[in-house]
Amino acid sequence: MEITIENLERYYGDRRVLYIEKMEIEKGKITAITGPNGCGKTTLLNIIAGLDREFSGVIKYDGKYLNRETVDKMTIVFQKPYLFRRTVFENIEYPLRIRGINKVNRKPLVVDLAKGLEIENLMGKKAHLLSGGESQKVALARALVFKPELLLLDEPTSNIDPDAINTLEREILKFNKETECTVLIVTHNMEQAKRLGNRIIELSYN
Ligand SMILES: Nc1ncnc2c1ncn2[C@@H]1O[C@H](COP(=O)(O)OP(=O)(O)O)[C@@H](O)[C@H]1O
Ligand SMILES: [Mg+2]
């Protein structure tokens, strides 16, 4: 999915926290967004995800305004992932369940992702009892399982160990390559931006 942004502004009270005159996110590529704390990275992702409608300006998705169809094709992974108090398996299969995919077909999709992310051994565990790195992996698996066309990631590897970071990065790259999903990743880490991004955009304060 291609995204074009023009004259995007977001205010809290009379304080402008985000201003983007023009930005194009290329279809099928990984775009990394970096910038200092508080410059509006999370705000931007939430707006693109359709979770924050209190903005002015124009955002188009493949040339169209946000609609039901667009929402169904995209997903966001929050910096602090929100997992249901259910098993890891149930968390990952959830997007398939709400899309009406039957049980027999759901399982292999879940297992395949779990293998890639090295969390097969966690499938029966309650998701709210996992470590930070494990939770991020489950959140990513849940995001990828329905093969989104737009994947929004908000600092998906902050505060997790290097092994888990490697695994997450590898699977993000693999998914992008295999499905040509458009990926927008917010990261503090310039090295990570370089490792993953086909393009790096630096946001600054407004
Ligand atoms: N709900 C809110 N109310 C008031 N100000 C907010 C709110 N959410 C974010 N902000 C402010 O907007 C700015 C951008 O925040 P954010 O997008 O979270 O930055 P980043 O993700 O780049 O660290 C910050 O100055 C933050 O304090
Ligand atoms: Mg943020």
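In which sense do strand S1 and S4 pair, and over how many bridges? Strand S1, residues 3-12, pairs with S4 in the antiparallel sense over 6 bridges. Helices (H or I, at least four residues) and strands (E, at least two) are DSSP runs, numbered from the N terminus.

Before going on, I wrote down that this is a predicted model, where local features need pLDDT of at least 70, side-chain atom pairs count only at pLDDT 80 or more, and totals for chains, interfaces and linings use all residues. Residues are numbered from 1 along each chain as its sequence is written, while chains are lettered from A and ligands numbered from 1 in the order in which they are written.

**Entry: the antiparallel sheet**

I found an open sheet of 3 strands in the order S2-S1-S4, with antiparallel pairing. Strand S2 (15-25) and strand S4 (55-61) each have a single partner strand, so one side of each is left without a neighbour in the sheet. On average, neighbouring strands here are turned by 15° against each other, direction ignored; the angle is taken between N-to-C directions, from 0 to 180 degrees, of lines fitted to C-alpha atoms. I also saw that Ile-5 stands opposite Ile-59 in S4.

Next I looked up Arg-10, which lies in strand S1. Is Arg-10 buried or exposed? Arg-10 counts as buried because it has 21 C-beta neighbours inside 10 Å. The cut-offs: buried means 20 or more other C-beta atoms within 10 Å of a residue's own, exposed means 12 or fewer, and partly exposed is in between, with C-beta atoms placed from the backbone. The C-alpha atoms of Arg-10 and Leu-44 are separated by 8.8 Å, although the two residues are 34 apart along the chain.

**Entry: the parallel sheet**

I then traced an open sheet of 5 strands, ordered S5-S6-S7-S3-S8, with parallel pairing. Strand S5 (74-77) and strand S8 (199-202) are its edge strands, each pairing on one side only. Strand S3, residues 30-34, pairs with S7 in the parallel sense over 4 bridges, and Ile-30 stands opposite Val-183 in S7.

**Entry: helix H4**

At 1.5 Å a residue, the 14 residues of helix H4 (103-116) should span 20 Å, and the end C-alpha atoms are 21 Å apart, which agrees; the expected span is 1.5 Å times one less than the number of residues. The buried residues of H4 are Val-110, Leu-113 and Ala-114. Seen down the axis of H4, they fall within an arc of 100°, so they line one face of the helix; the arc is that of the directions from the helix axis to the C-beta atoms. On the other side of H4, Val-104, Asn-105, Pro-108 and Lys-115 are exposed.

**Entry: two positive phi values**

Most residues other than glycine have a negative phi. Asp-62 is not a glycine, yet has a positive phi of about 50°. I found Asp-62 in the loop between S4 and helix H2 (68-73). Glu-180 is not a glycine either, and its phi is positive at about 55°. Glu-180 sits in the loop between helix H6 (162-179) and strand S7 (182-186).

Methods. Pairing = 2+ DSSP bridges.
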